[in-house]
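Biologist: This structure is new to me. Please put it on screen and take me through it.

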Amino acid sequence: MQTEIKQITPQTLAEAKHIILTGGVVAIPTETVYGLGGNAFDDEAVRRIFEVKGRPNDNPLIAHVHSDYDLSKIIDRDPPYAQKLRETFLPGPLTLVYPSTGKVSPYVSCGLNTLAVRIPSHTGAQAFLKEIDIPIVAPSANLSKHVSPTSAQHVYDDFAGKIPLILDGGVCVGGIESTVCDVTGDVPVVLRPGLITREMIAAVVGSCEEYVPDLKKGEKVKSPGVLYKHYSPRCKTVLYACERTAEALEFCRKAEGKVAVLCEEKIVEAFSKAGVAVLSLGDTETEMANRLYDLLREAERICDTLIAIEPQKKDGVMVGVLNRLRKACVSVDILH
Ligand code: TXA
Ligand code: MG
């Protein structure tokens, strides 16, 4: 199969619609990362998405809809605080997990009785969702466990020959996946941190919890995605806490093969002076979110070993950035 990257126009949207309505898969841009889209009502299309990504079949998908879509078709209960969150943050990088009406394919939620719903703000994504006017399931458009894609080229690198069409909506501005927030209970619970932070949610609705699975108790995990190793570049990785920069520098000196360092801008000089290739995440939390995945993909092209140093700031959007970085890289403490 030939994979084409096309700009979003009325013609390519009609082409994408045809592919989706005949059970196919199309990659689409969003403001966070690119997604691999398929018809949420079509069992075969949903199964095809799991197959083409190599995704474990217990990790549910998010249904994407346009901003005027009638949510009562797919969700069963809509608490007032969830409505408030939608009014404040959507369209945008926040996914809400509701009780499901069970109308979409049972494969979408992998047997859970909930449905994750996302209304993306990207204009190309909105145009695509309006053109089709049905919920579109769209996991991040990367092969399972690989780094999520923030450009059409990233999607092509993972899926050339496996999907017919990639709609090109430019480089994603957000850079890490949406915040996933459970709204089935009395208070919202963040299942996956992202650009809409727990503090931002609590500021609107009074409180917000963070989900930490306690697997020892034999509890069934609420968001299976939190369990998997994810976002990994195809090179060796070693992650250091920011207090251990000197040790990381020492590691660079001794390491064999090509080495690169991923770190925040303010400590770049320490490594570049020592002659090490440096991939800078930048200074601000939004810059770091925006650059992370592109740099992890760059790392696998330029080095055998990536040494990543955790940025100093740990709160706000950095909760999401650190969550991804820690899943992408192996902690030095595990190596020793
Ligand atoms: O920004 C994003 O959310 C991107 C773009 C393409 O929209 N999509 C994305 O999808 O990141 P994916 O499949 O890579 O991640 C979906 C996450 C997983 O951690 C999954 O476990 C969780 O959402 N999830 C989906 N449905 C759920 C449900 N019913 N209950 C709990 N967690 C759910
Ligand atoms: Mg993903």
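## Ligand, cores and a buried histidine

Biologist: How far is a polar side-chain atom of Arg-118 from an oxygen atom of ligand 1?

Modeller: This is a predicted model, where local features need pLDDT of at least 70 and side-chain atom pairs pLDDT 80 or more, while totals for chains, interfaces and linings use all residues. Residues are numbered from 1 along each chain as its sequence is written, chains are lettered from A and ligands numbered from 1 in the order written, and side-chain values use heavy atoms, without hydrogens or water. For the Arg-118 pair, the distance is 2.8 Å.

Biologist: Which residue has a side-chain N or O atom 2.6 Å from an oxygen atom of ligand 1?

Modeller: Asn-59 also has a side-chain N or O atom by a ligand oxygen, at 2.7 Å. The 2.6 Å distance belongs to Ser-178.

Biologist: How much of the accessible area of ligand 1 does the protein cover?

Modeller: Accessible areas come from the Shrake-Rupley method with a 1.4 Å probe; for residues, only the protein chains shown count as cover. On its own, ligand 1 has 680 Å². Of this, the protein covers 97%.

Biologist: Which element gives the most residues to the shell around ligand 1?

Modeller: The shell holds 27 residues, each with a heavy atom within 4 Å. Helices (H or I, at least four residues) and strands (E, at least two) are DSSP runs, numbered from the N terminus. Two or more residues come from each of β4 (62–64), β6 (114–118) and β10 (189–192). The top contributor, with three residues, is β6.

Biologist: Is His-146 buried or exposed?

Modeller: His-146 lies in the loop between β7 (136–137) and α5 (152–159). Buried means under 20% relative accessible area, exposed over 50%, and partly exposed in between (1.4 Å probe, protein chains only). At 3% relative accessibility, His-146 is therefore buried.

Biologist: Which side chain joins His-146 in a polar contact of 3.5 Å?

Modeller: A polar contact is a pair of N or O atoms within 3.5 Å; within protein, one must be able to donate a hydrogen and the other to accept it, and residues adjacent in sequence count only if both atoms are side-chain atoms. The His-146 side chain makes one of 3.0 Å with Asp-158. Another of 3.0 Å links His-146 and Glu-300. The partner at 3.5 Å is Arg-234.

Biologist: Why does Arg-234 count as exposed?

Modeller: Arg-234 sits in the loop between β11 (209–210) and β12 (236–240). Arg-234 counts as exposed because of a relative accessible area of 52%.

Biologist: How many residues are in the largest nonpolar core?

Modeller: A nonpolar core is a set of buried Ala, Val, Leu, Ile, Met, Phe, Trp, Tyr and Cys residues joined through side-chain atoms within 4.5 Å. Ile-74, Leu-94, Ile-163 and Ile-201 have the most contacts inside the largest one. The number of residues in this core is 44.

Biologist: How many residues does the second, separate core have?

Modeller: Cys-235, Leu-279, Leu-281 and Val-321 are among its members. The residue count of this second core is 27.

Biologist: Which residue takes a positive phi just after α2?

Modeller: At the start of α2, a side-chain oxygen of Asp-42 comes within 3.0 Å of the backbone nitrogen of Glu-44. Just after α2, a phi of about 70 degrees is found at Gly-54.
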